[in-house]
Amino acid sequence: MTSRIEKVDVIVCSPSRNFVTIKVTTSDGLVGWGDATLNGRELAVASYLQDHVAPLLIGLDPDRIEDIWQFLYRGVYWRRGPVTMAAIGGVDLALWDVKGKSVNRPVYQLLGGAVREKILTYTHTVGWDIPALKDALDVNLARGFKALRVQSGVPGLDSVYGVTQGVGGYEPATRGAYPKLEMWDSGKYLRHVPKVIEAAREHVGPDIELLHDAHHRLTPIQAAQLGKSLEPFGLFWLEDVTPGENQEALKLIREHSTIPLAIGEVFNTIWDFKDLIINQQLDYVRCSVMHAGGISHARRIFDLAALYGIKFGPHGPSDISPITMSASLHVDLSTPNLGIQEFMGYDPLVSEVFHSSYTLKDGYLHPGDNPGLGVEFDEKAAAKFPYAPAYLPYARSLDGTVTDW
Ligand code: KDG
Ligand code: MG
């Protein structure tokens with residue numbers, strides 16, 4: 001007898017930071033877990049799922065993942081956007097988890113099986129100044145990482161994206177009912193960052209991959225200047241140099257620099273990437289597997305990119321839950337044009353709630369061989385950590401104008 005979706009629950013919890021989790025229970029007793037976290041807009045996605053999606057799923061056949069995806073995307077007049085696509089992506093992940101469990105196989109086996117043994121991974125390396133950055137590089141090298149994202153403070157600015165001044169790890173969102181203000185100045189950043197990357201390259205030698213994220217801050221010509229100035233240091237990629245809305249900007253940057261460009265953590269669909277891919281204006285597709293509609297849709301984006309020799313490097317910050325992290329790893333292991341996987345890591349409290357089978361060894365991740373996605377969500381533990389309002393900061397330039405964070 002065909003299995004049916006019997007129940008859909010949406011759970012928002014906050015073990016150090018907020019996560020939105022979907023639980024799909026089927027008539028044959030299987031439970032699939034999905035992640036639909038959207039940093040700073042968690043309750044919007046939770047309501048979209050709870051109020052508008054869950055009632056539609058009851059009674060459907062969980063095996064029909066693609067049909068359900070089409071129904072939730074094309075079957076709704078108001079489509080695309082981060083809230084909708086995180087919700088669809090979360091359902092997609094839960095259904096892949098169910099399918100894997102129903103045949104007792106890890107999801108990567110259902111995607112065609114492994115095309116590599118392990119997944120090259122980069123993590124964040126943060127130092128407020130260059131000596132602190134060198135110490136942080138040493139720590140991550142000792143952990144076995146072969147690829148490191150490098151971010152540092154900028155003289156004259158009190159806070160900078162991706163870096164913390166004090167002790168404790170960097171976390172982009174801060175708890176509280178109002179977003180924190182950060183002041184920004186692109187000139188100061190542009191004058192300082194080449195010194196940082198040069199020092200990092202000198203410190204790690206030629207064989208460690210270095211990456212840098214400009215986090216949507218620059219104008220097209222500033223981005224071109226940055227690309228040119230960082231070229232001697234052999235970056236693996238330069239990420240999000242300009243805001244994602246103006247895709248033409250990347251053409252101008254290309255005219256001035258051969259630095260590899262990564263963009264797209266805020267993109268949600270293949271339509272957001274289509275022109276950049278077919279015009280070969282990027283080198284790495286950067287969407288998160290969940291924010292881009294789940295395994296079913298993200299894989300289509302990666303396949304389109306493959307036609308043009310473009311690779312993908314899934315978004316993996318602390319603000320996607322270990323369920324998305326694991327889903328990314330199943331795709332990474334089974335899709336030929338992987339470039340690299342981001343792994344920011346999690347606060348220890350997160351593993352009290354999410355029990356994951358993936359492993360990290362010598363700078364490489366592997367999803368493990370548990371059936372489904374390999375992450376089980378502990379509802380009892382989650383209940384100890386209720387939702388706490390938290391927001392990403394926003395930025396103003398030194399004259400007080402709101403600018404891109
Ligand atoms: O929620 C925002 C974060 O996901 C983002 O700031 C992280 O840019 C990021 C990255 O590359 O991991
Ligand atoms: Mg980024």
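**Ligand and cavity**

Author: Let's start with Glu 342: an N or O atom in its side chain is 2.5 Å from an oxygen atom of ligand 1. Keep in mind that this is a predicted model.

Reader: Okay! And how far is a polar side-chain atom of Asn 39 from an oxygen atom of ligand 1?
Author: That distance is 2.9 Å. For Arg 149, a polar side-chain atom lies 3.3 Å from an oxygen atom of ligand 1.

Reader: How much of the accessible area of ligand 1 does the protein cover?
Author: The protein covers 94% of the 330 Å² that ligand 1 has on its own.

Reader: Which residues are closest around ligand 1?
Author: Asn 39, His 215, Glu 265, Arg 286 and Glu 342 are the closest of the 15 that surround ligand 1. By class, that shell has 7 charged, 4 polar and 4 nonpolar residues.

Reader: And what is the space taken by ligand 1?
Author: That space is the largest pocket.

Reader: Switching topic: how many cavities of 30 Å³ or more are there?
Author: A search of the whole structure finds 1. About 90 Å³ of space lies in the largest cavity.

Reader: Which residues are closest to the centre of the largest cavity?
Author: Those are Gln 151, Val 160, Tyr 161, Tyr 189 and His 212, out of 15 lining residues. The elements giving two or more residues to the lining are β5 (147-152), α6 (186-204) and β8 (209-213).

Reader: How does the lining of the largest cavity divide into nonpolar, polar and charged?
Author: The lining has 8 nonpolar, 5 polar and 2 charged residues.

Terms used
Residues are numbered from 1 along each chain as its sequence is written. Chains are lettered from A and ligands numbered from 1 in the order in which they are written. This is a predicted model: local features need pLDDT of at least 70, side-chain atom pairs count only at pLDDT 80 or more; totals for chains, interfaces and linings use all residues. Side-chain values use heavy atoms; hydrogens and water are left out. On a 1 Å grid over the protein atoms alone, a cavity is a set of points where a 1.4 Å probe fits but cannot get out, and a pocket is an open set with protein on both sides within 12 Å along at least five of seven lines; lining residues have an atom within 4 Å of a point. Grid points are joined across faces, edges and corners, and a volume is the space filled by probe spheres set on the points. Helices (H or I, at least four residues) and strands (E, at least two) are DSSP runs, numbered from the N terminus. Ala, Val, Leu, Ile, Met, Phe, Trp, Tyr, Cys and Pro count as nonpolar, Asp, Glu, Lys and Arg as charged, and the others, Gly among them, as polar. A residue is near a molecule or strand if one of its heavy atoms lies within 4 Å of it. A polar contact is a pair of N or O atoms within 3.5 Å; within protein, one must be able to donate a hydrogen and the other to accept it, and residues adjacent in sequence count only if both atoms are side-chain atoms. Accessible areas come from the Shrake-Rupley method with a 1.4 Å probe; for residues, only the protein chains shown count as cover. A molecule sits in a cavity or pocket if more than half of its atoms lie within 2 Å of its grid points.
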